[in-house]
Amino acid sequence: MSRIGKQPIAVPNGVTASTANGVFKVKGPKGELTVPFNQDLTIKHEDGTLLVERPSDAQRHRALHGLTRTLVANAVKGVSDGFTINLELRGVGYRAKLNGKVLELAIGYSHPVIIDPPAGVTFAVPEPTKIDVSGIDKQLVGQVAANVRKVRKPDAYHGKGVRFVGEQIALKAGKAGATGGKGKK
């Protein structure tokens, strides 16, 4: 049995969930999400918990069991709490600011980089070198954060660029043999 798939999902107060025709719908204080799932699996709603069950131990059903349970759990958590990914800017003169909902980055290019958030994602800039990407859809928030990071990935020699908070960058050594003198004759 899948260790992840067999775990029950707690449904917080104020969150309603329903399944119909291979679509799981969940509604909460932060919004509403739908998760399509394979109709071979069943999602049971009992006593404030959700349980994902598979019909057999076939390899295909085992593979879908844990995946479906995780997607449903992420949807429930998203509509009740939401997801936030924190990014930081490292580099001299690197900064971010908000113009309405649009994120504007000054990160070493000759022009500011403007990123318009998709529906369901919001940016926050608590400090000029910190960016918070928030929303209810975990996959969409992660993709938008990765796209922001991709604008200026951390440099391998100095570590300058956009990185996730807490991300460790393995820095390469620079040139080691520069002494300034010419070769011996």
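Which residue of β12 does V121 stand opposite? V121 stands opposite G135 in β12. This is a predicted model, in which local features need pLDDT of at least 70, side-chain atom pairs count only at pLDDT 80 or more, and totals for chains, interfaces and linings use all residues. Residues are numbered from 1 along each chain as its sequence is written, and side-chain values use heavy atoms, with hydrogens and water left out.

**The four-stranded sheet**

Helices (H or I, at least four residues) and strands (E, at least two) are DSSP runs numbered from the N terminus. Two strands pair if DSSP finds at least two bridges between them. An open sheet of four strands runs in the order β11-β12-β7-β13, with antiparallel pairing. At its edges are β11 (121-124) and β13, each of which pairs on one side only. On average, neighbouring strands of this sheet are turned by 25° against each other, direction ignored. Axes here are lines fitted to C-alpha atoms, for helices over the stretch in contact, and angles run from 0 to 180 degrees between N-to-C directions.

| Strand pair | Bridges | Residue pair |
|---|---|---|
| β11 and β12 | four bridges | V121 and G135 |
| β7 and β12 | six bridges | T84 and S134 |
| β7 and β13 | four bridges | R90 and G161 |
| β8 and β9 | five bridges | K97 and E104 |

Strand β7 covers residues 83-90 and β12 covers residues 130-135, while β13 covers residues 161-164.

**The three-stranded sheet**

A further open sheet has three strands in the order β8-β9-β10, and its pairing is antiparallel. Strands β8 (95-99) and β10 (113-115) stand at the edges with a single partner strand each, so one side of each is left without a neighbour in the sheet. Neighbouring strands of this sheet are turned by 25° against each other on average, direction ignored. Strand β9 spans residues 102-106.

**Helix α1**

Helix α1 has 22 residues (59-80); at 1.5 Å a residue it should span 32 Å, and the 33 Å between its end C-alpha atoms agrees with this. The expected span is 1.5 Å times one less than the number of residues. After α1 comes G82, which has a positive phi near 90°.

**The largest pocket**

The largest pocket has a volume of about 210 Å³. On a 1 Å grid over the protein atoms alone, a pocket is an open set of points where a 1.4 Å probe fits, with protein on both sides within 12 Å along at least five of seven lines; lining residues have an atom within 4 Å of a point. The volume is the space filled by probe spheres set on the points, with grid points joined across faces, edges and corners.

Strand β4 (31-36), α1 and α2 (138-151) each supply at least two lining residues. The largest share, four residues, comes from β4. Among the residues lining this pocket are L33, P36, L71, N74, F83, D137 and K138. The lining divides into seven nonpolar, three polar and two charged residues. Ala, Val, Leu, Ile, Met, Phe, Trp, Tyr, Cys and Pro count as nonpolar, Asp, Glu, Lys and Arg as charged, and the others, Gly among them, as polar.

**Annotated spans**

In an unreviewed entry, UniProt lists residues 11-82 and 91-163 for "domain: Large ribosomal subunit protein uL6 alpha-beta". UniProt positions are given in the numbering used here, feature names are shortened, and annotations may be inferred rather than shown by experiment. Residues 11-82 are 31% helix and 38% strand, with end C-alpha atoms 14 Å apart. Residues 91-163 are 19% helix and 36% strand, with end C-alpha atoms 11 Å apart.
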